[in-house]
Amino acid sequence: MDKQTLEILEYYRIRNLIAGNASSAEGKAFVESKEPSGDKAEIDAAKKLTADWMKTLISPNPVKLTGFNECAPLFQLLNVEGAVLELEQIASLGGFCRSAIQFKTQLQNETNAAQLTVLAEKAAAIPDLSEASAKIFRIIDETGVLRDLPELREIRKSISQIKRDVTALFKSYTSDQSLKDALQSDMPVLRSDRQVLAVKANFRGRIKGIVHEFSQTGQTVYIEPDDIVQKNNALVQEEYRLSLEIRRILRELTASLGEHYGDFVAAHNVMVRLDAAYAAARWGLETHGSFAGDPDGGRALVLKEARHPLLGAKAVPISLSFLPGRRVLIITGPNTGGKTVSLKTVALFAALNQSGFPLPCAEGSILPLFDNIFADIGDEQSMDQSLSTFSGHMKNIAKMTHEATDKTLVLLDELGGGTDPEEGGAIAMAVLDFFIEKNSWVLVTTHHGSLKNYGYTRLQCSNASVEFDETTLAPAYRIIMGVPGESHALEIARRNGLTEEIAEKAENYLTGAQADISALIKGLTAKYEELDELEKKRRSEESALHEKRRSVDLKELRLRQKELELREQGYRKLAAFADESRKKLENLVRVLREGEITKDKTRAVKDFIADLSDSIEEEKSNIEKERESLTLAVTESQKQLELEKKQMLESSGNDGESKSESMKKRLAGFAGSAEETLVPEAFAEGLDVFYKDRRGTLLREQGRGTWVVAFGTLKMTLKQKELVLAPVAKRTASVSLELAPEAVDDGGIKGASFGIVQPSAAFELRLLGMRYEEAMKALEKQIDLAVLQHLKTFSVVHGKGHGILQQGVQNYLKTSPVVESFCFAPAEDGGFGKTYVTLKE
């Protein structure tokens, strides 16, 4: 991409900020060498790797990446025969091995591998460096210090012994009372890397040895005694032998590590890229960033709440988008309003996106890939090249026209400025015509009124403006899409100290047409703000509705859990009761078998039976009380639901549109008959009831308090208190929705009220007791509602009887184009008296 443009956009400055988050010098250098790429596969791979790092860095147990020293030059030495790595270089290789092994080990964890698939793939690509690491750390410890190896131990022991001997000899001299007056100090001193005695010059003959130095005054002579000379010479020899042995060890280690040269290079390539992605992830989390998506057909370039990274906390989020089929965006508005920053932000984000970096913006932003980015921003005046401001701009634009393609992003700040406004406007429009023909992406800022009109007259162009607060007379730094902006030069001039007299005269010089355009733009801006408020209100209502749905779902889940708990509790009670009764019965049987039957034994049996009956009756009584309580609760809930429905329908009349036609459209879904459910007040033949978890129909009253109930083909005689009446559908009359215009005011419908709800498809359609024609209409309506409400399966209860309804249902289903299949129900669920229906997708 164009280097000059990247400099203007401060891309390199941002890139260096990102590089500062790397854990290694080589990772930092890799980030600092990055340039925007046009390879989509490369960009996507970088984004996915960085996204995995961001995911793990915010997790409770993040994957760690340990830093390591520069290693690349060391790998080349491993290939040189006879080369010897120094101890510090060996330590650097050891640190690199440790970092790679640690990262690889963390991603071998099943949880990490499943959640961080890209990082896991990178970890799998790192060769096993455990053998090389073992070789290194056999020679050095974790701090990089040479270990006490067996081959060095003897030499070091000899050196230590010699040093002790030297120390003892020096002590013998310094502690000798006869030499006390001859010595300047009772401690040996270091001269020419050898320990010597500081002797007074007039006593130099008292100690035989080698004179190394004289003091500047000549009063002190530095003498190394003869016996210590021999020891020091032996020490030098041993230390030299030690250095030779250490060098031999390091040479052998270097040669041994050369066997792993390929593994080192492969692991290093992976680790450096991991560190670069790690740096980008840390920067992305620091700036609350996200990744831009790819164009999805309709939307090509969208930025949501984008914040320029160099502005920090002062950045005001901007949002802008290119409409489908339009690649030119003309931004107008006051000075210091944020137009130029908006241009730079879009282009900078495009460059960062094509480097695989996260962007400081909200989720949902979209950016295409550009083959180049050109920018003409700022004052291009040059004294050296004798270029005026206008000439500098024209030179830049000329370069763009030669290199632009349909994948180029062009930024033109204050297009047409710096010269005669009329000619500048003409040049600006001609330049935009050229880029439109090229189908390039163009972002333009301008104060030319002619370009505002140009944006409306070209299908490929869109207008936008930076918002201006009329009350504070200050820019709001927010972009308004679809509306051109005013320059507000007079307001800004007043704010910056221009006298009111001059400002009023300036207003008088404005033409009427210009004033009309300003009024039109103000009206458009006010309309936009009104629509924006309505959109915010709609989103708030949607959020509240979603929250209410979640609450209802949670309540339903809790009810299902409570139902399961009650079933388990009932099962446990039943099991305990049966177990206890069985034990008592077994005891009675055993007693009866032992000896003859007596009155006491007979009484015990009768008492057991009586207790058993009492227990059963007590449990039935408890269940009956619970059933009455639940029935009361259901009734209250239904009343509350009906009240809420009524309130909802009444309120819908107050929030409607202001036109009769639009109100008709809103109420059209309520036309026709509707149903609401009610619980019958008394038992009667033909009503549906629940017995435990089964649903049946009352056939006839057998006696007082007992009923014959049909469950499909099975009939049972049950007590009324064991049955619960099922809710039944209540039909309401059709409602005409023809509204006269005068019946609608700004707030809704005058004097109108509605007590209906929208009909819904039934999971089980019951046709029992209906005539043939009525039943077919009910079936037709059921299928229509099921299709509209996406109910794929339901059942139809038609009974057996003479088979008229059964045959009619079967014939209708055969000819229906929306029915996929149908069949009779199993015997336990109604058999030939019930049909299962499945609709097409």
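Guide: Happy to. A cavity is a set of grid points where a 1.4 Å probe fits but cannot get out, and its lining residues have an atom within 4 Å of a point. Keep in mind that this is a predicted model.

Visitor: How many cavities of 30 Å³ or more does a search of the whole structure find?

Guide: The general idea goes like this: rolling a probe the size of a water molecule over the atoms shows where empty space is left. Here the search turns up 1 cavity of 30 Å³ or more, and the largest cavity has a volume of about 40 Å³.

Visitor: Which residues line the largest cavity?

Guide: Its lining is made up of Asp376, Phe390, His393, Met394, Ile397, Glu414, Leu415, Gly416 and Gly417. Sorted by class, that gives 4 nonpolar, 3 polar and 2 charged residues. Helix α14 (residues 389-403) supplies the largest share, 4 residues.

Visitor: Let's pick Met394. Where is Met394 found?

Guide: Met394 sits in helix α14.

Visitor: Why does Met394 count as partly exposed?

Guide: Because its relative accessibility is 24%, and buried would mean under 20%.

Visitor: And which residues are buried in helix α3?

Guide: In α3 (residues 25-32), they are Glu26, Gly27 and Val31. Looking down the axis of α3, its buried residues fall within an arc of 140°, so they line one face of the helix. Their cover includes α2 (11-19), α5 (72-78) and α12 (261-286).

Conventions:
Residues are numbered from 1 along each chain as its sequence is written. This is a predicted model: local features need pLDDT of at least 70, side-chain atom pairs count only at pLDDT 80 or more; totals for chains, interfaces and linings use all residues. Side-chain values use heavy atoms; hydrogens and water are left out. On a 1 Å grid over the protein atoms alone, a cavity is a set of points where a 1.4 Å probe fits but cannot get out, and a pocket is an open set with protein on both sides within 12 Å along at least five of seven lines; lining residues have an atom within 4 Å of a point. Grid points are joined across faces, edges and corners, and a volume is the space filled by probe spheres set on the points. Helices (H or I, at least four residues) and strands (E, at least two) are DSSP runs, numbered from the N terminus. Ala, Val, Leu, Ile, Met, Phe, Trp, Tyr, Cys and Pro count as nonpolar, Asp, Glu, Lys and Arg as charged, and the others, Gly among them, as polar. Buried means under 20% relative accessible area, exposed over 50%, partly exposed in between (1.4 Å probe, protein chains only). The arc is that of the directions from the helix axis to the C-beta atoms. Contact means heavy atoms within 4.5 Å.
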